[in-house]
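Please read the points alongside the model.

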Amino acid sequence: HMALVALERKGIVKYLVTQNVDGLHSKSGFPRDKLSVLHGDVFVEKCERCGREYVRNEPVGSVGEKLTGNTCEGGGGRGKCRGKLRDTLLDWNGELPVDDLNRAQKHSKEADLSICLGTSLQMMPAARLPLMALKNKGRLVICNLQPTKYDKKASLVIHARVDDVMKEIATRLSCPIPVQNETRKTSIKREGDREDASPSKILRTDCHTHSMNNSS
């Protein structure tokens, strides 16, 4: 996760798509406006009225976009929003968040390189996103311990631990990996505030990667 932060700061990683729900990408400090979280985050509550997101120190405690009992403290000149907050975790029948999915599709189509880290590429519709780069003459790289059904479509397949691969990439590109700050501060973010104007690469991960060593 911290290697991705280092590569983003250097302008190499333009966008990140994840199905992880463990909150490690937000904890790493990866910019939210360059991140699509498709299945939610156990540490995030979202206002159903204005869309602000609150990152908590502890898991929210519910699944299925249920009301958490908290209210939004954001707002403009007219005072606080006071909208009701919900968890962001999808259940099996939940629809993917529209803003995150749209941004993921946009950047996937524009990517000249899509790198899949630690993913079986079986969870739909997210598994189709890396293939969008191929339609625009981009390339696909897959790093996963086990084979995937899209290996034949990839320009390069690496059967190795993602941690090891990312450390080597960061070293070769002269990107020192920062130390993760373990203190999670409550913050407020709004989805879709800013789009990256000129994406050229996309890195995506699947769920349950845990520090990228369980090669989403």
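1. The cysteine sulfur closest to that of C81 belongs to C47, at 3.7 Å, which is too far for a bond. A disulfide is taken here as a pair of cysteine sulfur atoms within 2.5 Å. The C-alpha atoms of C81 and C47 lie 8.9 Å apart, and the two residues are separated by 34 positions in sequence.

2. The model is a predicted one, in which local features need pLDDT of at least 70 and side-chain atom pairs count only at pLDDT 80 or more, while totals for chains, interfaces and linings use all residues. Residues are numbered from 1 along each chain as its sequence is written, and side-chain values use heavy atoms, leaving out hydrogens and water.

3. C81 sits in the loop between β7 (79–80) and β8 (84–87), strands being DSSP runs of E of at least two residues, numbered from the N terminus. With a relative accessibility of 12%, C81 is buried (under 20% relative accessible area, with a 1.4 Å probe and protein chains only). Beyond residues up to four places away in sequence, C81 contacts C47, R49, C50, C72, G74 and G75 (heavy atoms within 4.5 Å).

4. C72 is also buried, at 0% relative accessible area. Its sulfur has that of C50 as the closest cysteine sulfur, 3.7 Å away and too far for a bond. The disulfide count under the stated rule is zero.

5. Helix α3 covers residues 98–110 (a DSSP run of H or I, at least four residues). Its buried residues are D100, L101, R103, A104, H107 and S108. Viewed down the axis of α3, these fall within an arc of 165°, so they line one face of the helix (the arc is that of the directions from the helix axis to the C-beta atoms).

Conventions: Buried means under 20% relative accessible area, exposed over 50%, partly exposed in between (1.4 Å probe, protein chains only). The expected span of a helix is 1.5 Å times one less than its number of residues.
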